[in-house]
Amino acid sequence: MLTRRQFTAMGAGAAIASATGSVMAEDRAVIDARVRLAITQLYAAIPAAKQLAPRARGMLVMPDVVKGGLIVGGSYGEGALVLNNGSGKYDGAPTEYYSVAAASLGLQIGVQTSSHVLIFMNDRGLSDFRRADGWEVGADAEVTFPEAGLNAQVNSTLLEKPIIGYVFGQDGFLAGVSLEGAKYSKIAR
């Protein structure tokens, strides 16, 4: 006989598994197309990101991350690292492919899809990320997430941060979840 807690955990796990199955890319072409679209959407939603791009070393673009939970939660998505080609346009082929996954326990309910980008402003932050075997936000590096009011302009304080993150394109509702503890792992595509 299952307890209510076990039943709830199993239900949340099943919902997350079914939701994340739809975001798993089949091949490079699918991820590449989603990454290009996400960069366009990022620039439209957050003008400061477009100002930062030419100064950055690279961007990790996670175009379709699905998060879900009912007390027990999780998220999954696939994306790519795109390096600055010297012009700041990020229009070349992605360099490496990554997945992001997280699990959490606490006050949370709902399902949400979103995109997020980590902008690497210096060589050290980028090389630390690329060398890591399972890089985690908050554990392996501090990521600065500017507040809504700071999105309007790039300032000298923001430019000094090694990694800047933006979450955008949210669809659905999920209360109580952040990128803290999200783990990024290199995948073969």
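Predicted model: local features only at pLDDT ≥ 70, side-chain atom pairs only at ≥ 80, totals over all residues.

Q: Which residue does Arg57 meet in a salt bridge?
A: First the general idea: side chains of opposite charge can pair when their charged atoms come close. Here the side chain of Arg57 pairs with that of Asp123, at 3.0 Å from N to O. Arg57 sits in the loop between α3 and β1, and Asp123 in helix α4 (residues 123–131). The two are 66 residues apart, so the bridge links distant parts of the chain. Asp123 is partly exposed, with a relative accessible area of 48%.

Q: How many salt bridges does the whole structure hold?
A: A search finds 7. One of them joins Glu96 and Lys186, with the closest N and O atoms 3.6 Å apart. Glu96 is in strand β2 and Lys186 in strand β5 (residues 183–187), so this pair ties together parts 90 residues apart in sequence.

Q: What separates Arg124 and Asp128 along helix α4?
A: About one helical turn, because they are 4 residues apart in that helix. Their side chains meet in a salt bridge of 3.7 Å, N to O. Arg124 is exposed at 64% relative accessibility. Asp128 is partly exposed at 30%. Elsewhere, salt bridges with shared partners join Glu96, Arg130 and Lys186 into one network.

Q: How do I read the interior?
A: Of the 189 residues, 42% count as buried. The largest nonpolar core has 25 residues; Leu42, Tyr43, Met59, Tyr90, Ile119 and Tyr166 touch the most other members. At least two residues each come from α2 (28–45), α3 (47–52), β1, β2 and β4 (163–175). Helix α2 gives the most, with 6 residues. A second, separate core of 15 residues includes Val65, Leu81, Leu126 and Ala182.

Q: Ser114 is in strand β2. Is Ser114 buried or exposed?
A: Ser114 is buried, because its relative accessibility is 3%. Beyond its sequence neighbours within four places, its contacts include Met62, Val65, Phe168 and Gln170.

Q: And the surface?
A: The accessible surface comes to about 9,900 Å², and carbon and sulfur atoms hold 54% of that. Leu70, Ile71, Leu105 and Ile109 make a nonpolar patch of about 390 Å². Strands β1 (58–83) and β2 each give two or more residues to the patch. Leu70 is in β1 and is partly exposed at 39% relative accessibility.

Q: Which residues does Arg28 touch beyond four places in sequence?
A: Tyr97 and Arg189. Arg28 is in helix α2 and is partly exposed at 43% relative accessibility. A polar atom of its side chain lies 2.4 Å from the backbone oxygen of Arg189.

Notes:
Residues numbered from 1 in each chain as written. Heavy atoms only, no water. Buried < 20%, exposed > 50% of the residue type's maximum accessible area, 1.4 Å probe, protein only. Areas by Shrake-Rupley, 256 points an atom, 1.4 Å probe, with all protein chains shown as cover. Contact = heavy atoms within 4.5 Å. Patch = residues over 30% accessible without salt bridge, like charges linked within 9 Å, V, L, I, M, F, W, Y side chains within 5 Å. Salt bridge = Lys/Arg side-chain N within 4 Å of Asp/Glu carboxyl O. Core = buried A, V, L, I, M, F, W, Y, C linked by side-chain atoms within 4.5 Å. Polar contact = N/O pair within 3.5 Å; in protein donor to acceptor, adjacent residues only side chain to side chain.
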